[in-house]
Every structure is written in C-alpha cells, then in structure tokens.
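Hello,

Here is the structure you are taking over. Please open it first, then read my notes below.

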Amino acid sequence: MPSSTLSHPSTDSSRRSAQVTGKVTGYCEIISLPYGWGSNWTADLPDISIIKVRSYPETLEQGPHSVESVTEDELKEVGQIWQALENNTHNSLNVAIRRLNLACLRSSEEDSILDLVIGLETLMVKDSGQGEISHKLSTRLATLVRLFPFEQYKPRAVFKICKTLYNYRSKVAHGDSKAHKLSKVLVPSYNKPIPIINVGLSFLRYAIRTLALNPKYLDPDEIDFALSQPEKDEGRQKGG
Amino acid sequence: MVEFDEPVFVRVYQQWEQAALGQNLHFGVLVPLLMLRVQPTSFEHERFGVVAMSEKICLARNLNVSSESWSFNSLKNAASHALRAS
C-alpha cells in the first residue's frame with residue numbers, strides 16, 4: 001500500500017503527517033541527539049537515545065522492497081502542505097490525516113477501507129444526517145476534482161469510483177462475504193483493474209492536500225455552491 | 001567502605017544535571033526515514049529539515065541490536081536520511 005509519512009517528529013503533529021509524495025515509507029525510531037554533551041560514550045560515537053516506535057506499513061518488513069527517491073520539488077511541496085496544516089484550525093483535517101495514516105499502517109485491506117471512507121466522510125460529508133452519504137461524498141469529491149484537477153481523473157470517473165468505494169466499505173462493514181468482488185476497480189489510463197484501496201488512498205490524499213491549501217472548501221456548502229456554477233477554466237487551481 | 005557504582009551514580013547525577021543544566025543541554029530530534037532516499041543530500045524548510053545521517057550516527061544506532069529480528073534490523077538499516085525538527 002502506498003504511504004508517505006513525513007511529519008513533525010517531536011510533537012503529536014507527527015500524527016498529522018503530510019501525506020504528499022505517495023512513497024512507501026515510515027519510521028521505527030525517534031532519536032535524541034545531544035549537541036556537544038553526553039553522559040555515556042562508546043568510542044567516539046554520539047550518545048544518542050532511541051525511542052522505538054512502529055509507524056510503517058507491514059509490507060516493508062515482508063521481503064525485498066526497493067528504496068524510493070524523493071526530489072527537492074516534492075520536499076518543497078511537503079513543506080507547503082506542512083505549513084498549511086500547521087495553520088489549519090479545522091479538526092476535520094486532523095481526523096482525516098489520522099485516518100489516512102491508519103489506513104496506510106493497517107495490514108488488512110478491509111480495515112484500511114473503513115479508515116479511508118471515514119477520512120473522506122469527515123472532510124466531505126459533515127452534514128451526514130441529511131440525505132444519502134454515498135451520493136453526497138461522490139458528488140462533492142467529483143466537484144472538487146472539477147475545481148482542482150487530479151492526475152488523469154475526470155469528475156465523472158471520480159463520481160463513479162467513489163460510489164463503488166463507498167459500496168465496498170458498506171459490504172465490509174456489514175460482513176458481506178461477497179465484498180471482495182468490489183476490491184478492484186477500473187481507472188482511467190490503466191488497462192486492467194487495480195485495487196480500489198490504492199485508488200481510495202489517492203483520493204483521500206488528494207482531498208487532504210487540496211483542502212489544506214484551499215480551506216474555504218472544508219465547508220460543504222461551498223462545494224455544493226461550486227457545483228451549481230458553470231465550469232470556468234480560470235477558476236481552476238492547483239490541487240492534488 | 002562503599003564501592004563506586006557507576007550506573008547508580010549516573011542515575012543520581014543525571015537528575016542533578018538535568019535540574020541544574022537542563023536549559024544548557026541542547027539536543028536535536030531525528031526521525032530516520034525508512035526505505036527513502038532524498039535526492040538533494042539535505043533539505044531545509046522553515047519548520048523541518050531532511051538530512052543525511054552521518055556514519056557515526058548510523059553506528060550509534062546499531063549499538064544494541066541483539067533482541068531485534070533480522071527483518072527489522074534490515075529495515076532499520078535501510079534508512080539513510082532523517083527528518084529533523086527545526
């Protein structure tokens with residue numbers, strides 16, 4: 001499962017990871033490095049203290065895995081998102097980021113799908129008491145993609161995939177033994193079906209990035225209003 | 001006569017040291033990034049940095065490895081860069 005966890009190492013905001021690059025990574029240690037002092041030495045090595053943690057996808061420990069590279073441009077984008085998240089005052093973004101991190105760390109795809117959809121719902125369907133959640137989620141995410149283009153996805157494809165994603169989540173949540181039939185989906189520019197969990201991770205990552213940089217749309221009414229407006233090229237901005 | 005016991009002394013001394021010199025004992029926090037290489041050897045941002053870990057830090061990380069599994073150690077050692085809090 002793709003994940004990227006580049007986060008503030010010293011505070012709870014490590015949970016608010018800026019999932020930007022989509023690389024498979026994580027961390028297993030937090031190191032404290034004394035500057036110019038220490039209480040115990042081995043040879044001339046620094047007197048570091050290590051706190052063990054387990055915050056990486058299980059797949060990293062299962063056999064060969066290639067080391068991925070991150071470019072300077074990607075790191076600049078991480079910084080941009082980080083800044084936006086630090087300035088963020090909306091709890092929904094924090095919840096969505098926590099769910100994205102959890103989804104990346106789960107060993108079971110069925111657990112991950114629940115986290116992913118909760119994350120998307122938190123961001124896009126705050127008014128969940130009224131109307132069909134699946135329809136609202138799909139419509140709003142498709143509208144967001146119309147406003148802020150996302151990779152090769154067209155709004156119509158996002159709408160359709162999002163419905164399937166929610167349907168899969170419902171079958172998993174209700175213990176349907178045929179849930180696995182929805183675990184793959186056809187997406188634009190791929191010739192064969194790919195795991196829907198990967199598409200869901202991309203969608204949630206995209207939604208977090210876009211809404212962190214454009215917090216106005218954290219209000220669902222703004223997205224609904226945008227839906228009622230004719231499409232304008234000049235209104236399009238960088239999103240995911 | 002009591003024999004000098006370094007571990008016991010260090011435990012007591014460190015408490016005193018922290019209380020008396022805490023504000024002068026600066027340290028950094030590093031988070032090694034697993035299976036990730038950073039194309040520029042270092043990167044600085046207002047809120048964080050990504051740095052290549054020195055050979056000494058890599059060696060110091062491996063002073064106590066006996067209780068950990070082979071797969072965990074392989075993964076742990078596949079970290080060349082670390083995130084640093086600014």
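**Where the chains meet**

Strand β3 (residues 68-70) of chain A and β2 (36-38) of chain B pair in the parallel sense, over 3 bridges. Two strands pair if DSSP finds at least two bridges between them. Helices (H or I, at least four residues) and strands (E, at least two) are DSSP runs, numbered from the N terminus. Within this pairing, A:S69 has B:R37 as its bridge partner in β2(B).

Before going on, note that this is a predicted model: local features need pLDDT of at least 70, side-chain atom pairs count only at pLDDT 80 or more, and totals for chains, interfaces and linings use all residues. Residues are numbered from 1 along each chain as its sequence is written, while chains are lettered from A and ligands numbered from 1 in the order in which they are written.

The contact between the chains involves 36 residues of chain B and 39 residues of chain A. Two residues are in contact if their C-beta atoms, placed from the backbone, lie within 7 Å. On the chain B side, elements giving two or more residues include α1 (6-21), β4 (48-52) and α3 (70-77). The largest share of that side, 7 residues, comes from β1(B). By class, the side of chain B that touches chain A has 25 nonpolar, 6 polar and 5 charged residues. Here Ala, Val, Leu, Ile, Met, Phe, Trp, Tyr, Cys and Pro count as nonpolar, Asp, Glu, Lys and Arg as charged, and the others, Gly among them, as polar.

**Strands of chain B**

β5(B) has two antiparallel partners. With β1(B) there are 4 bridges, and B:P32 stands opposite B:A82. With β4(B) there are 5 bridges, and B:A52 stands opposite B:H81. Because 4 of its 5 residues are buried, β5(B) is largely enclosed by the rest of the structure. A residue is buried if 20 or more other C-beta atoms, placed from the backbone, lie within 10 Å of its own.

Chain A has 7 helices and 5 strands. Of its 240 residues, 40% count as buried.

The largest nonpolar core has 69 residues. Such a core is a set of buried Ala, Val, Leu, Ile, Met, Phe, Trp, Tyr and Cys residues joined through C-beta atoms within 7 Å. Among the members that touch the most others are A:L204 and B:L34. Helix α6 (residues 196-213) of chain A gives the most to this core, 11 residues.

Best wishes

Terms used: Buried ≥ 20, exposed ≤ 12 C-beta atoms within 10 Å, placed from the backbone.
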